[in-house]
Amino acid sequence: MSRQFRIAPSILSANFAKLGQEVTDVVASGADIIHFDVMDNHYVPNLTIGPLVCESLRPITQAIIDVHLMVKPVDRIIPDFAKAGANMITFHPEASEHIDRTLALIKESGCKAGLVFNPATSLSYLDYVMDKVDMILLMSVNPGFGGQKFIPETLVKIRAARQRIDASGRDIWLEVDGGVKIDNIAEVARAGADVFVAGSAIFSAGKGADPHRYDSVVAALRAELAKVA
Ligand code: DX5
Ligand code: ZN
């Protein structure tokens, strides 16, 4: 297996009263990427965190900060996140008037760029921008909330996206977001994903315990991934 698997805890399920410590702990526990969910109470019916929080977290971790924008419009906020230290920025094509321009804006800001696909959104948005994306993020729940159930039909879409990536010959990461747990992460990997967002699965596992309390859940996720050959 040549694919490198990366685990991306979604801090949406972290304890916001001690967010810095949560990030430090989850990275110390072996997570690769901090998945940063930005919601605007407009594109999705929830409200979360913005560039100020990203800027506060940047100095405390070397981990990649993967900003998932669930906002509309998207363009105005992109330079702010780049300045705040984001490494990757993804957006939903339905939320941008000019998808190619938004991808270019993210790259010009110095970040890796990606498109996010809701469960009912067609992969055809990739047809003319495959050479411009660094990441494809497939939602396996409808965006807006953590703790939802994985939509099994996503597996078909993961396989289709994997075929597109392999045919492109480019190093494009395939991330899956929503309802990923110890009992389904291997199946998601077998379908072709290589970046796994997990919010409630990771953060609810450590409630009430000591620092570095995410070691066992991250290890359990990795043990499942190790079965995928
Ligand atoms: C949902 C967010 C997800 C969410 C995942 O809109 O994009 O990143 O936090 O949470 P879980 O892993 O609990 O489904
Ligand atoms: Zn997300």
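This is a predicted model: local features need pLDDT of at least 70, side-chain atom pairs count only at pLDDT 80 or more; totals for chains, interfaces and linings use all residues.
Local features need pLDDT of at least 70, side-chain atom pairs count only at pLDDT 80 or more, and totals for linings use all residues. Residues are numbered from 1 along each chain, and side-chain values use heavy atoms, without hydrogens or water.

The zinc ion (ligand 2) is held by His35 (NE2), Asp37 (OD), His68 (ND1) and Asp177 (OD), at 2.1 to 2.3 Å. Donors are N, O and S atoms within 2.8 Å of the metal (3.2 Å for Na, K and Ca); water is not among the atoms, so sites may look incomplete. The 6 donor atoms around the zinc ion (ligand 2) subtend angles of 69 to 170°, which makes the arrangement octahedral (six donors, opposite ones over 155 degrees apart and all others between 65 and 115). His68 in strand 3 (residues 64-70) and Asp177 in strand 7 (residues 173-177) are 109 residues apart and link distant parts of the chain. Strands are DSSP runs of E, at least two residues, and helices runs of H or I, at least four. Both His68 and Asp177 are buried (under 20% relative accessible area, 1.4 Å probe, protein chains only).

Asp177 also lies among the residues nearest the centre of the largest cavity, which is lined by 26 residues. On a 1 Å grid over the protein atoms alone, a cavity is a set of points where a 1.4 Å probe fits but cannot get out; lining residues have an atom within 4 Å of a point. The space in the largest cavity is about 210 Å³, as filled by probe spheres set on the points.

The largest pocket has a volume of about 160 Å³. A pocket is an open set with protein on both sides within 12 Å along at least five of seven lines. Helix 5 (residues 154-168) gives the most to its lining, with 3 residues.

Methods
Chains are lettered from A and ligands numbered from 1 in the order in which they are written. Four donors count as tetrahedral if all angles lie between 85 and 135 degrees; four count as square planar and six as octahedral if opposite donors are over 155 degrees apart and all others between 65 and 115; anything else is irregular. Buried means under 20% relative accessible area, exposed over 50%, partly exposed in between (1.4 Å probe, protein chains only).
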